[in-house]
Amino acid sequence: MLRVKVVGILLGTFFLAAVGLNAGDLPEIIKIDEKGYEKDKKGPVEFAHKKHADFRACIDCHHNYKDVVEKGLPVGKCSEGHDPFKKQGKAIRLQYAYHKTCKKCHKALAKAGKPAGPFKECGGCHKPKQKS
C-alpha cells in the first residue's frame with residue numbers, strides 16, 4: 001500500500017512538472033490592473049510571469065494549480081477566486097492575496113541573501129498611474 005502511495009506521489013509530481021515544462025505559451029508580462037476599486041490609489045503592476053515561472057513552481061502562487069490541472073481546467077486569474085472588496089469564506093480579499101503571496105516570497109529571498117525584487121515600497125511594483 002505504501003508503495004502505491006509513493007508511486008502515485010511521484011507520478012503526480014512528474015505530471016505537474018511536465019505540464020509546467022511544456023507551458024511555452026506563458027505570457028512574458030501580465031499587467032495586473034484590477035478595475036472597480038472605489039479608491040484606486042496605486043497604478044498597475046507589470047508582473048514578469050514567465051521570468052517567475054522559470055524559477056518557481058506554479059503552485060507557489062496558484063494554490064489551486066494541482067486541482068484545476070488534474071480536472072483539465074485553466075488555472076484562471078486570482079480575481080476569479082478572490083473578491084476585490086470582501087473576504088469570501090476562506091478566500092481573502094484580492095489585494096491581500098497578491099500582497100501576501102508576493103511579499104512572502106520576496107522577503108524570504110532577501111532573508112536568504114538572494115536577489116529578492118521589491119517588497120518594501122509600493123513603487124517597486126506599482127507603476128505610476130496614468131493621468132486621464
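In the predicted model, Cys122 is partly exposed, with a relative accessible area of 44%. Cys122 takes part in no disulfide, the nearest cysteine sulfur being that of Cys125 at 8.7 Å. Cys78 is likewise partly exposed, at a relative accessible area of 30%, and Cys78 is also in no disulfide, since the nearest cysteine sulfur, that of Cys61, lies 8.0 Å away, whereas a disulfide requires a pair of cysteine sulfur atoms within 2.5 Å. By this rule the count of disulfides comes to zero.

The helix α5 (94-111) comprises 18 residues and reaches 26 Å from its first C-alpha to its last, close to the 26 Å expected at 1.5 Å a residue. Within α5, the residues Leu94, Ala97, Tyr98, His106 and Leu109 are buried; viewed down the helix axis, the buried residues of α5 fall within an arc of 130 degrees, so they line one face of the helix. The elements that cover these buried residues include β1 (30-32) and α2 (49-55), while Lys100, Lys104 and Lys111 are exposed on the other side of α5.

Following α5 is Gly113, whose phi is positive, near 75 degrees. Lys120 is placed in the segment after α5 and is exposed, with a relative accessible area of 70%. Although Lys120 and His106 are 14 residues apart in sequence, their C-alpha atoms are 9.6 Å apart in space; of this pair, His106 belongs to the buried residues of α5, whereas Lys120 is exposed.

Notes. Residues are numbered from 1 along each chain as its sequence is written. This is a predicted model: local features need pLDDT of at least 70, side-chain atom pairs count only at pLDDT 80 or more; totals for chains, interfaces and linings use all residues. Side-chain values use heavy atoms; hydrogens and water are left out. Buried means under 20% relative accessible area, exposed over 50%, partly exposed in between (1.4 Å probe, protein chains only). Helices (H or I, at least four residues) and strands (E, at least two) are DSSP runs, numbered from the N terminus. The expected span of a helix is 1.5 Å times one less than its number of residues. The arc is that of the directions from the helix axis to the C-beta atoms. Contact means heavy atoms within 4.5 Å.
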